[in-house]
Amino acid sequence: MLPPDRRTLGETVLHLRIIAPADRSAAVADLLADDPGVAHLAVIPGAARQPPGDLVLCDVVRESADLVLRRLQELGVEARGGISADDVELTLSAAAEQAARDAPGHGEDAVVWDEIAAKTGEQTALSGTFLVLIMVATMIAGIGVLLDQPILIVGAMVVGPEFGPLAALCVALLRRNPRVIGRSIKALVVGFLSAMLVTVLSTWALTAAGLVDRGMLLAERPLTDFIWRPDALSWVVGLLAGVAGMLSLTSKKSGSLVGVLISVTTVPAAANVAVAAAYGVWPEAGGSALQLVINLCAIVLAGLLTLVVQQLWWWHVARIQRGAARERVTGRR
């Protein structure tokens, strides 16, 4: 039985399932065995049938996962076999703890680029759910603008799904993936335009029903008028939102509060554009549109720069790992 402190301590690792071609299986096993961040290595010869090969299982701490995956791909495992990775939230193992101590860096800061690319790539689809969510969020924000109610604005921020395509765009720009770049931009443009059109129509409908009127937009709105008055702080907020959002994505700490921060001047600004356009208040519509563009650009710029810094840091960590591996090989000789 593990000691009390050991029972409560768990390492977050990736569990890898690898189908290795028979002629590459030994090289794969040696690669994994030599990496200090790998634990629980098992090789089952001939277990895989489609594609044929050996089944290799292991756990790798997150700070070593990106380098391990890249080396496996360099061996041709991806082309002739297969690699699957699953998050294991809890691993009670002295071997896993030793791997975490030996691997350079910290698991909370680790970036697994293939994982991030797969996760964000899924969020570029112009699905019905995405369109409905961004429409609903923008309509809620439109009502919040007219009522000068920050609570409704925050509610709209939580519902807004636009961080997915924004994050995907940042990752695709870093990896120079034109297909994902195009899909991300398409999702954002179509999503926001559709949401603003629906919000114009809903504003007209609410006005016809006597629930809102043009005077509500023209009245003093001290709690929400920042939405259509862009200034230098708009850039600051957008940049901070981009950094926070990207770090939350890469460090697996995303949550609803991050969505609120990312949406702070996107969904509300789009809503203000729609409401002002519905009532023909074009100066306010123009100010809101500029606010939207500024913050979208700031979020993407900050997110991209955050990814660049993380990439440079983990390249440095990878060099440390390679140097340590060469020293171990030299020591064995």
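The model is predicted. The secondary structure of the chain comprises 15 helices and four strands. Of its 333 residues, 47% count as buried. The four strands form an open sheet with antiparallel pairing, and the largest nonpolar core has 56 residues.

- The protein chain exposes about 15,900 Å², of which carbon and sulfur atoms supply 65%.
- Among contacts between residues at least 6 apart in sequence, 81% join residues at least 24 apart.
- A search of the whole structure finds zero disulfides.

- Strand 2 (38-49) and strand 4 (82-88) are the edge strands, each of which pairs on one side only.
- From one strand to the next, the twist averages 15°.
- Strands of a sheet pair through backbone hydrogen bonds, in either a parallel or an antiparallel arrangement.
- Strand 1 (residues 13-20) pairs with strand 3 (residues 52-61) in the antiparallel sense, over eight bridges.
- Within this pairing, Leu-16 has Cys-58 of strand 3 as its bridge partner, and His-15 has Asp-59 of strand 3.
- Helix 2 (residues 25-34) packs on the sheet and touches strand 1, strand 2 and strand 3. The direction of helix 2 makes about 170° with that of strand 2.
- Helix 3 (residues 62-74) also packs on the sheet, where it touches strand 1, strand 2, strand 3 and strand 4. The direction of helix 3 makes about 155° with that of strand 3.

**Strand 3 and its hairpin with strand 2**

- Strand 2 and strand 3 pair in the antiparallel sense over seven bridges; the bridge partner of Ala-42 in strand 3 is Leu-57.
- These two strands form a hairpin with two residues between them.
- Pro-51 is found in the loop between strand 2 and strand 3. A cis peptide bond joins Gln-50 to Pro-51, with omega at about -5°.
- Seven of the ten residues of strand 3 are buried, so strand 3 is largely enclosed by the rest of the structure.
- Cys-58, the bridge partner of Leu-16, is buried because its relative accessible area is 0%, and buried means under 20%.

**Nonpolar cores**

- In soluble globular proteins, nonpolar side chains tend to be buried together.
- In the largest core, of 56 residues, those with the most contacts inside the core are Leu-146, Phe-192, Leu-217, Tyr-279 and Leu-307.
- Leaving aside residues up to four places away in sequence, Leu-217 touches Val-145, Leu-146, Val-275, Ala-276, Tyr-279, Val-281 and Glu-284.
- Another core, of 17 residues, lies apart from the largest one; Leu-16, Ile-18, Ala-65 and Val-112 are among its members.

- Leu-296 is located in helix 15 (residues 282-332).
- With a relative accessible area of 19%, Leu-296 is buried.
- Leu-296 touches Leu-166, Phe-192 and Thr-266, not counting residues up to four places away in sequence.
- The C-alpha atoms of Leu-296 and Gly-242 are separated by 9.0 Å, although these residues are 54 residues apart along the chain.
- Cys-297 has a relative accessible area of 41% and is therefore partly exposed.

- Most residues other than glycine have a negative phi, and most peptide bonds are trans.
- His-40 has phi near 60°, a positive value in a residue other than glycine. His-40 lies in strand 2 and is partly exposed, with a relative accessible area of 35%.
- Asp-148 has phi near 55°, also a positive value in a residue other than glycine. Asp-148 is placed in the loop between helix 7 (128-147) and helix 8 (150-159).
- The relative accessible area of Asp-148 is 12%, so Asp-148 counts as buried.

Definitions and conventions: Residues numbered from 1 in each chain as written. Predicted model: local features only at pLDDT ≥ 70, side-chain atom pairs only at ≥ 80, totals over all residues. Heavy atoms only, no water. Pairing = 2+ DSSP bridges. Axes fitted to C-alpha atoms, helices over the stretch in contact; angles between N-to-C directions. Contact = heavy atoms within 4.5 Å. Core = buried A, V, L, I, M, F, W, Y, C linked by side-chain atoms within 4.5 Å. Buried < 20%, exposed > 50% of the residue type's maximum accessible area, 1.4 Å probe, protein only. Areas by Shrake-Rupley, 256 points an atom, 1.4 Å probe, with all protein chains shown as cover. Disulfide = S-S within 2.5 Å.
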